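Dear colleague,

Please find the structure below.

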Amino acid sequence: MNIEHHDLVHEFPEQREKIHHLKMENAHFAKLFDAYHVVTKEVERLEGEGVPVSDEALANQKKERMQLKDQLYAMMIA
């Protein structure tokens, strides 16, 4: 199974410099950034390794990832 990688710079390459700046200067952004990547790694691990997990649990993790991404994006464009 081919798993699409969802790191934030991959998702928003045009925001690379802004992401770096916010990670260095904004503690809240950095915390959300780290949380986003933890959830992303877990989702990719579950999908990639075929780990038995309920559809609901996986969907909840994907929702959490989306909510974090939305918050991070809002901070990037502010």
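**Findings**

Lys62 counts as partly exposed, at 34% relative accessibility; buried means under 20% relative accessible area, exposed over 50%, and partly exposed in between (1.4 Å probe, protein chains only). Please note that this is a predicted model, in which local features need pLDDT of at least 70, side-chain atom pairs count only at pLDDT 80 or more, and totals for chains, interfaces and linings use all residues. Residues are numbered from 1 along each chain as its sequence is written, and side-chain values use heavy atoms, with hydrogens and water left out.

Lys62 forms a salt bridge with Glu47, their closest N and O atoms being 2.7 Å apart. A salt bridge is a side-chain nitrogen of Lys or Arg within 4 Å of a carboxyl oxygen of Asp or Glu. This pair links distant parts of the chain, with Glu47 in helix 3 and Lys62 in helix 4, 15 residues apart. Helices here are DSSP runs (H or I, at least four residues), numbered from the N terminus. Glu47 is partly exposed, with a relative accessible area of 23%.

The structure holds four salt bridges. Another one joins the side chains of Glu11 and Lys69 (2.9 Å, N to O). Because Glu11 lies in helix 1 and Lys69 in helix 4, the pair ties together parts that are 58 residues apart in sequence. Lys69 counts as buried at 13% relative accessibility, whereas Glu11, at 22%, counts as partly exposed.

Rings of Phe, Tyr and Trp (its six-membered ring) pair if their centres lie within 6.5 Å; planes under 30 degrees apart count as stacked, over 60 as edge-to-face and the rest as tilted. The Phe12 and Tyr73 rings have centres 4.9 Å apart and planes at 25 degrees, so this pair is stacked. Phe29 and Phe33 are also stacked, because their ring centres are 6.3 Å apart and their planes are at 25 degrees. Both Phe29 and Phe33 are buried.

Yours sincerely

Notes:
Helices (H or I, at least four residues) and strands (E, at least two) are DSSP runs, numbered from the N terminus.
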